[in-house]
Amino acid sequence: MQRFLNNPDDIVDETVAGFVKAHRDLVKLDPSNPRVVVARNAPVKGKVGIVTGGGSGHEPAFIGYAGRNMVDAVAVGELFSSPTAKSFIDAIKAADGGAGVAVLYGNYAGDNMNVKMARRMAAKDGIEVATVVANDDVCSAPLDERAKRRGVAGEIFMWKIGGAKAAEGASLSEVVASAQRAIDACRSVGVGLGPCTLPAVGHPNFLIEPGKMEIGIGHHGEPGTRLEDLKTANEVADDMVRIVLDDHDLPAGTEVAVLVSGLGATPVNELYVLYDRIEGQIAARGLSVHRAYVGNYFTSLEMVGATVTVLALDDELKRLLDVETACAGF
Amino acid sequence: MTGIANEGAGAIIGEVAAVIVANKAYLSEIDGKIGDGDHGVNMAKGFGRAAERLRGGETLDAAMQVLSDVLMSEIGGSMGPLYGMMFSDMADALAGKAVIDPAAFALMLRAGLDGVQEVGEAQVGDKTLMDSLVPAVAAFEAAVAAGAGFGSALDRMKAAAAAGRDSTIDLVARIGRSSRLGERSRGVLDAGATSCCMILTALADGVAKRLV
């Protein structure tokens with residue numbers, strides 16, 4: 001594939017620099033760490049700070065969710081690689097308004113370690129930190145080992161709910177409880193049709209044969225858990241809905257939010273083709289869609305494919321989801 | 001007892017970095033089979049940057065601290081904190097020592113292993129760098145306890161690290177990104193165990209060639 005590239009080693013710095021210029025009404029760069037993107041209005045005195053972070057290459061995640069009533073500060077890692085503990089602690093400091101900081105991030109070994117170390121540093125600085133670890137990716141481990149599951153696009157709902165709760169003036173424990181309930185109510189699945197390439201590596205690190213698809217693919221080019229023949233969009237949509245809803249016993253009448261995200265190289269119109277079928281399948285199970293998001297919300301460089309996330313709503317989650325937000329990702 | 005001067009031994013870290021940089025493509029290739037293929041890129045970036053910041057003449061612990069700082073504050077990922085803690089705790093164990101003898105080297109290895117265990121959660125058999133590191137440290141300690149000379153203990157450490165690295169081929173990953181693949185992770189070397197073996201081997205070679 002042909003790419004817009006200078007030196008592959010500079011790609012993350014250049015991405016962040018361009019992002020901060022383009023969205024200067026929403027975000028700023030942390031003056032002491034060029035790998036920390038901070039919401040324009042952060043820190044808000046007396047408000048619980050919301051922090052996230054993760055590897056680059058998932059744009060608009062993670063930086064695109066920095067903004068008002070969302071994430072206060074984002075730690076930025078190398079492509080597909082956790083941010084440093086230093087970037088996490090600098091993000092925590094940038095988000096700290098004196099009421100504690102909630103770090104809401106995805107379940108990956110590197111992020112777990114770097115957040116753990118940053119949390120230790122924050123304790124030394126007298127900043128109270130609590131964490132919620134997203135684990136919404138159904139195919140990455142069985143339900144009874146949910147703690148092992150990866151965090152994927154459900155993280156966006158976790159940030160949205162946590163960010164809205166914090167904006168209402170809730171305490172750190174209340175913010176964390178709502179964010180945890182949000183991720184607990186999320187299920188996601190990814191389907192990959194084509195791999196992606198880290199520019200510095202130069203070749204795809206796995207291949208998907210023509211005519212095949214990977215069910216349960218991860219956000220970092222990890223091969224899926226199942227390889228199948230590529231089917232029609234409707235059949236794929238049916239599979240995806242089946243995987244996420246079979247994992248989540250929802251009573252008829254439950255309202256849900258649905259997020260369909262492209263993985264980077266899938267045309268947006270195909271995402272609407274999937275959504276057309278997905279909403280019908282959800283309705284056929286007696287559930288109703290309160291809100292849908294269809295687009296490139298959480299990508300994986302130029303991977304071909306899509307993820308589907310279903311968030312089961314209750315009154316509080318619904319109210320918080322509907323709180324107005326200003327960030328580049330939504 | 002034989003040993004090497006700590007003063008000036010920081011150059012060994014430059015030699016370790018050279019090995020990692022030379023194996024950048026190889027490490028990424030192994031990683032790409034069950035991971036995302038960036039292990040070599042990130043390792044080479046971290047070790048290469050650290051080597052550029054060495055002025056020459058440092059003690060081994062000072063050079064390890066430079067390397068640790070780069071890994072912890074500029075590299076991130078999983079390897080940043082794991083190797084960052086390893087070298088930081090190794091450096092603390094050597095600080096103030098004029099001579100690095102087998103006893104000091106053993107303490108350094110043990111401290112590095114403890115550092116990795118503090119931040120990570122992996123055990124031997126999980127298909128991680130621990131599969132190289134744990135047996136290597138144990139082999140060195142056992143050799144010293146049995147009265148082996150420094151050079152011979154280093155040789156046994158290298159052999160144990162290599163055997164540990166090779167053992168990961170038949171393992172199923174139980175931690176980290178490749179663990180989600182289950183059985184599909186069997187049959188390939190673990191990239192972390194491979195880079196750990198390279199680091200230990202280069203450290204051992206660096207010490208051995210300075211022994212007189």
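A:Glu168 belongs to the loop between α4 and α5 of chain A and A:Arg319 to helix α8 of chain A, so the pair ties together parts that are 151 residues apart in sequence. The model is predicted, and the points below describe further contacts in it.

**Salt bridges**

- Over all chains, the count comes to 35 salt bridges.
- A:Arg35 and A:Glu78 are joined by a salt bridge whose closest N and O atoms are 3.0 Å apart. A:Arg35 is in the loop between β1 (27–29) and β2 (36–39) of chain A, while A:Glu78 is in strand β5 of chain A, so this pair ties together parts that are 43 residues apart in sequence.
- Both partners are buried: A:Arg35 has 13% relative accessibility, and A:Glu78 has a relative accessible area of 8%.
- The side chains of A:Lys148 and A:Glu145 also meet in a salt bridge, at 2.7 Å from N to O. A:Lys148 is partly exposed at 47% relative accessibility, and A:Glu145 is partly exposed with a relative accessible area of 32%.
- A network of salt bridges links A:Arg226, A:Glu228, A:Lys231, A:Asp239 and A:Arg242.

**Interface of chain A and chain B**

- Chain A contributes 34 residues to the contact and chain B contributes 27 residues.
- The two chains bury about 2,500 Å² between them, with 51% of it on carbon and sulfur atoms. Of the area that chain A buries against chain B, A:Glu78, A:Met113 and A:Met117 supply 21%, more than any other three residues.
- Across this interface there are 2 salt bridges. A:Glu78 forms a salt bridge with B:Lys45, and the closest N and O atoms are 2.8 Å apart; A:Glu78 also forms a salt bridge with A:Arg35.
- There are 6 residue pairs in polar contact across the interface of chain A and chain B, both residues being at pLDDT 80 or more.
- On the side of chain A that touches chain B, β5 (73–79), α2 (85–95) and α3 (109–124) of chain A each supply at least two residues. The largest share of that side, 7 residues, comes from α3(A).

**Domains of chain A**

- The domain assignment divides chain A into domain 1 (9–184) and domain 2 (186–313). Their centres, taken over C-alpha atoms, are separated by 23 Å.
- In the contact between them, 29 residues of domain 1 of chain A meet 32 residues of domain 2 of chain A.
- The area buried between these domains is about 2,500 Å², and carbon and sulfur atoms give 66% of it. Within domain 1 of chain A, A:Phe80, A:Cys139 and A:Phe157 lose the most area to domain 2 of chain A, together 27% of what that side buries.
- The count between the two domains is 1 salt bridge. The side chains of A:Arg149 and A:Asp247 meet in a salt bridge at 2.9 Å, N to O.
- α4 (154–167) and α5 (172–184) of chain A each supply at least two residues of the side of domain 1 of chain A that touches domain 2 of chain A. The largest share of that side, 5 residues, comes from α4(A).

**Two buried residues of chain A**

- A:His248 is placed in the loop between α6 (233–246) and β11 (255–262) of chain A, and counts as buried because its relative accessibility is 13%. Apart from neighbours within four places in sequence, A:His248 is in contact with A:Asp184, A:Ala185, A:Arg187 and A:Ala312.
- A:Glu316 lies in helix α8 (residues 315–321) of chain A and is buried, with a relative accessible area of 18%. The side chain of A:Glu316 makes a polar contact with that of A:Ser178 at 3.3 Å. Not counting residues up to four places away in sequence, A:Glu316 touches A:Lys165, A:Ser178 and A:Arg181.

**Helix α4 of chain B**

- Helix α4 (residues 60–75) of chain B has 16 residues and reaches 21 Å from its first C-alpha to its last, close to the 22 Å expected at 1.5 Å a residue.
- The buried residues in α4(B) include B:Leu60, B:Ala63, B:Leu67 and B:Leu71.

Technical notes. Residues are numbered from 1 along each chain as its sequence is written. Chains are lettered from A and ligands numbered from 1 in the order in which they are written. This is a predicted model: local features need pLDDT of at least 70, side-chain atom pairs count only at pLDDT 80 or more; totals for chains, interfaces and linings use all residues. Side-chain values use heavy atoms; hydrogens and water are left out. Helices (H or I, at least four residues) and strands (E, at least two) are DSSP runs, numbered from the N terminus. The expected span of a helix is 1.5 Å times one less than its number of residues. Buried means under 20% relative accessible area, exposed over 50%, partly exposed in between (1.4 Å probe, protein chains only). Domain bounds come from an automatic or database domain assignment. Contact means heavy atoms within 4.5 Å. Buried area is the accessible area (1.4 Å probe) that two parts lose on being put together, summed over both. A salt bridge is a side-chain nitrogen of Lys or Arg within 4 Å of a carboxyl oxygen of Asp or Glu. A polar contact is a pair of N or O atoms within 3.5 Å; within protein, one must be able to donate a hydrogen and the other to accept it, and residues adjacent in sequence count only if both atoms are side-chain atoms.
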